Amino acid sequence: MNKLVWSIGASDCTGGGGIQADLHTFKDLGADGCSVISAVTAQNSATVSLVESVSEQMFTDQLACLTADMQAKVIKIGLITSVKHVQILAEKLAEFKQTWAVPPFVIYDPVAVALTGEKMAEEGLVELIRTALLPCIDLLTANAGEVLTLSGHALISGESLKPAALKLISLGCQSVLIKGGDFELVDKIALDYWTDGKREIALSSARLTRMESHGTGGILASAIGATIALGYFIEDALVVAKAYLNQELKAAKKLGFYGIAHLGWPTNKTDFPEVVLPESKIGYELDLPGTLEAGPGFASCGTLKLGLYPVLDSVEWLDKVLKLGVKTLQLRIKDKQPEQVEQQIIEAIALGRKYNARLFINDYWQLAIKHQAYGVHLGQEDMDVADLPMIADAGLRLGLSTHGYYEILRAQQLKPSYIALGHIFPTQTKQMPSDPQGLSRLGKYAQLLSDIPTVAIGGINLERATTVWKTGVGSIAVVSAITHADSPKIAIESFNQVIQ
Ligand SMILES: Cc1ncc(COP(=O)(O)OP(=O)(O)O)c(N)n1
Ligand SMILES: Cc1nc(C(=O)O)sc1CCOP(=O)(O)O
Ligand SMILES: [Mg+2]
């Protein structure tokens, strides 16, 4: 897999920011790095004494050499001080996007654009960035000063973030992350807001007050780039990068500046941000769409280990596996009208009670409430339309599907009874919009969720069950490994030997 990130920017002789910190961050997170140097800076914790752009020839040749045999999956742009370099870059990025087999994802952290006319930004630079560079950018990561310079919008309240981001998108970039590093909308909270004009994400963390730290915005952008290069979606990359920055800031060392640490992939749950829900104080201030709210949470399953979890499409199947001793199971009937499934749901709930089993009803949450099921399982789309407080008030358990870091953190806010993690391997049972996540990611999620029941799902068969179980998940959900087994009885017994 190509996991190459180019850093296009300036050398920072302190090592705390610029190209040096970018390459360190890429490597630290498991991506590969190359650099295209646009300028060399002489600086320390007290001053920037000299900034010298490289020649146009040197800038162009670096881009050409890398293009010939090291094409990037992600390009991260930092400090560019020369108007000519912006022109070259805009032309080259447009060319890469049209001619490369896989167009690169381009991130721009507009370092120093707020210093127009000073030594780090030539006259005319900002106008050219606005008109020529922004249309080539997939993600602009900007702090309040940079947002003001590029969009003309001052960030004075929560409500002002969305119009500012939309203005920047109207200038041509695909999405914008407004970083809360240099403004505080909510006391002691570092809030980041992202939108692509359709979706909105806000992430909050306790503010880490290390005033002398240096290069943090660039490192956040580099961490996002590295995570995207590893194949994560943008929303997951935003989460991982913020956790990475939190982890690094906590361990920062004084070396002139406070230079942040580089401690590898973040795994400590206290470093991960909270996803801001629409129905929360900050959610209202940001005017986030949707109705999700934290609430008191859902009834517990009474154990972290739900064991083998067959997901089945008929009462006959439920009856068969209950007789074989299964204690967690799901009725999953797809795409029928409620009146077509109500009788089956009634019978399924009665069977679950008879065998004292944890029976979850997929999708049909109103019928599950009406007939007092043990629990309901909902997917991401269902979450937005179902009445979650009503499910909680009725005392039903709730299981939620997730497919990555962002969805996991958002689901966690709702305090469900379990979180499902899918899909782990290729599956024939359901068309999935993304690639399988694999065991390595599953292990990371399981570690992060050690205090809530987890369920792994998707392409899990007997051969794979041992390695799945070793990741620390509390349950393995299967469809075809049971319904297509020559002997469901032997399949269940064999799974139970793995899941002890
Ligand atoms: C245990 C478990 N995990 C995930 C799913 C998938 O649920 P959902 O995303 O709602 O998709 P459908 O099953 O409705 O197609 C599940 N059913 N069970
Ligand atoms: C129903 C379902 N949900 C998934 C998810 O990732 O959310 S994967 C999946 C299908 C699981 O079937 P099998 O065990 O046959 O692969
Ligand atoms: Mg569903």
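**A buried lysine and its surroundings**

Tutor: We may begin with a polar contact of 3.1 Å, which joins the side chain of Lys162 to the side chain of Glu200. Please keep in mind that this is a predicted model.

Student: Where is Lys162 found?
Tutor: Lys162 belongs to helix α6, which covers residues 161-170.

Student: Is Lys162 buried or exposed?
Tutor: Lys162 is buried, because its relative accessible area is 17% and the limit for buried is under 20%.

Student: And what does Lys162 touch?
Tutor: Leaving out residues up to four places away in sequence, Lys162 touches Tyr193, Glu200, Leu286 and Asp287.

Student: Next topic: the sheets. Which strands close into a barrel?
Tutor: The barrel has 8 strands, in the order β13-β14-β15-β16-β17-β18-β19-β20, and their pairing is parallel. On average, neighbouring strands of this sheet are turned by 25° against each other, direction ignored.

Student: How many bridges are there between β16 and β17?
Tutor: There are 4 bridges between β16 and strand β17 (residues 397-402), which pair in the parallel sense. Val376 stands opposite Leu398 in β17.

Student: What about the open sheet?
Tutor: The open sheet has 10 strands with mixed pairing, ordered β3-β2-β1-β4-β5-β6-β7-β8-β9-β12. Its edge strands are β3 (48-53) and β12, each of which pairs on one side only. Within the structure, strands β8 (residues 189-195) and β9 (residues 200-206) run antiparallel and are joined by 7 bridges. Trp194 stands opposite Ile201 in β9.

Student: Which strands does helix α1 lie across?
Tutor: Helix α1 (residues 18-28) lies across β1 (4-12), β2 (32-43) and β4 (74-77), and runs at about 150° to β1.

Student: Let us turn to aromatic rings. How many aromatic pairs are there?
Tutor: A search of the whole structure gives 12 aromatic pairs. In one of them, Trp265 and Tyr405 have ring centres 6.5 Å apart and planes at 40°, so the pair is tilted. This pair links distant parts of the chain, 140 residues apart: Trp265 is in the loop between β11 (257-259) and β12 (274-275), and Tyr405 is in helix α15 (residues 405-413).

Student: Are those two buried or exposed?
Tutor: Trp265 is buried, with a relative accessible area of 14%. Tyr405 is buried as well, at 1%.

Student: Which pair is edge-to-face?
Tutor: Phe360 and Tyr374 make such a pair: their planes are at 85°, so the pair is edge-to-face, and the ring centres are 5.6 Å apart. Phe360 is in strand β15 (residues 358-362), whereas Tyr374 is in the loop between α12 (365-370) and β16 (375-378), 14 residues apart. Phe360 counts as buried, at 0% relative accessibility.

Student: What else is around Trp265?
Tutor: Trp265 forms one aromatic cluster with Tyr232, Phe272, Tyr405 and Tyr445.

Student: Tyr445 is in α16, I think. Which residues of α16 are buried?
Tutor: In helix α16 (residues 438-448), the buried residues are Gly438, Arg441, Leu442, Gly443, Tyr445, Ala446 and Leu448. Their cover includes α15, β18 (418-421), β19 (454-457) and α17 (462-470).

Student: Finally, the backbone. Where is there a cis peptide bond?
Tutor: A cis peptide bond joins Gly422 and His423, with omega at about -25°. His423 is in the loop between β18 and α16.

Student: Which residues have a positive phi, then?
Tutor: Among them is Asp335, which is not a glycine but has a phi of about 60°. Asp335 lies in the loop between β14 (328-331) and α11 (338-354), and counts as exposed at 74% relative accessibility. Another is Lys415, with a phi near 50°. Lys415 is in the loop between α15 and β18, and is partly exposed, with a relative accessible area of 41%.

Conventions:
Residues numbered from 1 in each chain as written. Chains lettered and ligands numbered in written order. Predicted model: local features only at pLDDT ≥ 70, side-chain atom pairs only at ≥ 80, totals over all residues. Heavy atoms only, no water. Phe/Tyr/Trp six-rings, centres within 6.5 Å; stacked < 30°, edge-to-face > 60°. Helix = DSSP H or I, 4+ residues; strand = E, 2+ residues; numbered from the N terminus. Buried < 20%, exposed > 50% of the residue type's maximum accessible area, 1.4 Å probe, protein only. Polar contact = N/O pair within 3.5 Å; in protein donor to acceptor, adjacent residues only side chain to side chain. Contact = heavy atoms within 4.5 Å. Pairing = 2+ DSSP bridges. Axes fitted to C-alpha atoms, helices over the stretch in contact; angles between N-to-C directions.
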